[in-house]
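Dear colleague,

I am passing on the model we spoke about, and I would be glad if you looked it over before reading my notes.

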Amino acid sequence: MALQKGERYRCPESDCGCEIEVTKSAAPGKGGDQAPRCCCGKEMKKVS
Ligand SMILES: [Zn+2]
């Protein structure tokens with residue numbers, strides 16, 4: 001799924017712990033379904 005406004009993603013690396021919030025949704029049909037990647041290289045997990 002594409003990034004949606006308001007979604008939060010957190011880095012699973014305990015030493016890092018970076019968390020981001022989407023402030024603007026991706027345009028429909030333009031994105032893939034990949035999760036964003038943290039600056040440390042880990043794939044970020046959506047915070048539910
Ligand atoms: Zn990280």
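Leaving aside its neighbours within four places in sequence, which residues is M44 in contact with? Taking contact to mean heavy atoms within 4.5 Å, M44 is in contact with Y9, R10, C11, P12, C18, E19, I20, A35, P36, R37 and C38.

Two remarks on the basis of these notes come before the rest. This is a predicted model, in which local features need pLDDT of at least 70 and side-chain atom pairs count only at pLDDT 80 or more, whereas totals for chains, interfaces and linings use all residues. Residues are numbered from 1 along each chain as its sequence is written, and side-chain values use heavy atoms, with hydrogens and water left out.

To stay with M44 for a moment, this residue lies in the loop between strand 2 and strand 3, where helices (H or I, at least four residues) and strands (E, at least two) are DSSP runs numbered from the N terminus. M44 counts as buried because its relative accessibility is 3%, the classes being buried under 20% relative accessible area, exposed over 50% and partly exposed in between, with a 1.4 Å probe and protein chains only. M44 and P12 are 32 residues apart in sequence, yet their C-alpha atoms are 6.4 Å apart in space.

The metal site

The zinc ion is coordinated by the SG atoms of C11, C16, C38 and C40, at 2.3 to 2.4 Å; donors here are N, O and S atoms within 2.8 Å of the metal (3.2 Å for Na, K and Ca), and as water is not among the atoms, sites may look incomplete. Why is the arrangement of the 4 donor atoms called tetrahedral? The angles that they subtend around the zinc ion are 98 to 119°, which makes the arrangement tetrahedral, given that four donors count as such if all angles lie between 85 and 135 degrees. For reference, the ideal angle for four tetrahedral donors at a metal is 109.5 degrees.

Along the chain, the donors of the zinc ion follow the spacing C-x4-C-x21-C-x1-C. C11 lies in the loop between strand 1 (8-10) and strand 2 (19-21), and C38 in the loop between strand 2 and strand 3 (45-47), so the pair ties together parts that are 27 residues apart in sequence. C11 is buried, because its relative accessibility is 4%, and C38 is likewise buried at 6%. C16, which is placed in the loop between strand 1 and strand 2, is partly exposed, with a relative accessible area of 33%. Not counting residues up to four places away in sequence, C16 touches C11, C38 and C40.

A cysteine that deserves a separate note is C39, found in the loop between strand 2 and strand 3 and exposed, with a relative accessible area of 76%.

The fold as a whole

Read along the sequence, the protein follows the pattern β-β-β, with 0 helices and 3 strands. These form an open sheet of 3 strands in the order 2-1-3, with antiparallel pairing, where two strands pair if DSSP finds at least two bridges between them. Strand 2 and strand 3 stand at the edges, each with a single partner strand, so one side of each is left without a neighbour in the sheet. Strand 1 and strand 3, which run antiparallel, are joined by 3 bridges, and one of the residues concerned, Y9, has K46 in strand 3 as its bridge partner.

The C-alpha trace spans about 35 × 20 × 15 Å along its principal axes, and buried residues make up 15% of the 48 residues in the protein. Among contacts between residues at least 6 apart in sequence, 45% join residues at least 24 apart. The protein exposes about 3,700 Å², of which carbon and sulfur atoms supply 47%, with areas from the Shrake-Rupley method, a 1.4 Å probe and, for residues, only the protein chains shown as cover.

Methods: Tetrahedral: all angles 85-135°; square planar, octahedral: opposite > 155°, others 65-115°.
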